[in-house]
Amino acid sequence: MAMLVKWILCDVRREKRTLFSRAQTSWNALRYIEGFLGQVGGWNVNRPWEACVMGFWKDSQSFQRFMIDFHDRIFEGSAQAETYDSIRIALSLKVEEMKGEEKNLYTALRQGEFLRVSDMATRVGGDLNVAKEQREVWNPALSNAQGMLRGIFSRELEHRERYLVTSIWQDESSLQGFHDQQIPRLRERLDYRRDLEQFVSRTVRLNSRWRVLP
C-alpha cells in the first residue's frame, strides 16, 4: 500500500499568525495515532501569510480511520478554524520515495529546516512524460544533492493530472545551492513545461513547534 501525503495551505492574516501557530500545536495528538508517520509545517518564505503543513500516513486506510475517529475532536478542540481565512487540502499517494542524506523519512522530518514542494498540473496526455522525467532525471538529481535529506514524488487522489514533488532540506544554503546550480542545468536538458498546465513551487521555513513525530 502506498504512503498517503496530506498537503494543507491556509491563508492567515498577520494579526492572527500567533493564534494560528498556537493552535497548530494541538496536532501533537497525532503522534499517538496508528499509521501516522509525521507532520511538519511553517510559513511560505515568499508568501508569509500562507501557512503550509504536510503530513505523512502509512496508507489511505490509516488516514481514513484517523478522519473518522479523531480528526474532528482535535480540530474543534484547537479552535483553529477561527484563525485562518481559507484552507486548501490535497491528498496524494506516493509514486516514489527519493533517498537523501538521512536513512528514512522519520529522521529527515526530525532534522529538516526547510521544505520545498512543487505542485504540477499536467496537460492532457502529458502525465506519462512528466512522471518519466521526474523518475529518470529530477529524482536522481535531488537524491544526490547536498543537504537534501529525503523526498517524495506523489500523485493526487482526486485530480490524477496533478503531482507533488516534496523535498526536505537540511538548511537554507543547501536548498539555495541546488536551486542556483542544478535547476538551470537540468531545465536545459528537459522541455518539461511542454507537458505542464501549471507549475507552482513553495519554499517553507519549518517551525519546530509544528513538527509532530510518532
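**Close-up views of a predicted model**

**View 1. Helix 4 (residues 127-143) has a kink of about 40 degrees, centred on glutamine 134.** The bend at a residue is the angle between axes fitted to the seven residues ending there and the seven starting there. Helices (H or I, at least four residues) and strands (E, at least two) are DSSP runs, numbered from the N terminus. This is a predicted model, in which local features need pLDDT of at least 70 and side-chain atom pairs count only at pLDDT 80 or more, while totals for chains, interfaces and linings use all residues. Residues are numbered from 1 along each chain as its sequence is written, and side-chain values use heavy atoms, with hydrogens and water left out. The buried residues of helix 4 include Gln134, Val130, Val137 and Trp138. Here buried means under 20% relative accessible area, exposed over 50%, and partly exposed in between (1.4 Å probe, protein chains only).

**View 2. The whole chain contains six helices and eight strands.** Along the sequence they follow the pattern β-α-β-β-α-β-α-β-α-β-β-α-α-β. The C-alpha trace spans about 50 × 35 × 35 Å along its principal axes. For 214 residues, a compact globule would have a radius of gyration near 17 Å, and the chain agrees with 17 Å. That radius is taken over C-alpha atoms, and the globule rule is 2.2 Å times the number of residues to the power 0.38. Of the 214 residues, 51% are buried.

**View 3. The largest nonpolar core has 21 residues.** A nonpolar core is a set of buried Ala, Val, Leu, Ile, Met, Phe, Trp, Tyr and Cys residues joined through side-chain atoms within 4.5 Å. Trp7, Met54, Phe56, Leu109, Leu115 and Ile168 have the most contacts inside this core. Among the elements that give two or more residues to the core are strand 1 (4-11), helix 3 (105-111) and strand 7 (162-169). A second, separate core of 20 residues includes Val130, Val137, Val165 and Trp169.

**View 4. Leucine 109 touches residues that include Phe56 and Ile168.** A contact means heavy atoms within 4.5 Å.

**View 5. Strand 2 (residues 36-44) pairs with strand 8 in the antiparallel sense over three bridges.** Two strands pair if DSSP finds at least two bridges between them. Glycine 42 stands opposite leucine 206 in strand 8, and asparagine 44 stands opposite valine 204. Strand 2 also pairs with strand 3 in the antiparallel sense, over seven bridges, and the two form a hairpin with five residues between them. In strand 3, methionine 54 is the bridge partner of valine 40. Eight of the nine residues of strand 2 are buried, so this strand is largely enclosed by the rest of the structure.

**View 6. Strand 5 and strand 8 pair in the antiparallel sense over nine bridges.** Phenylalanine 114 has arginine 205 in strand 8 as its bridge partner.

**View 7. Alanine 79 lies in the loop between helix 2 (60-78) and strand 4 (86-98).** Its phi is near 60 degrees, a positive value in a residue other than glycine. Alanine 79 counts as partly exposed because its relative accessibility is 34%.

Methods. Lists of a residue's contacts leave out its neighbours within four places in sequence.
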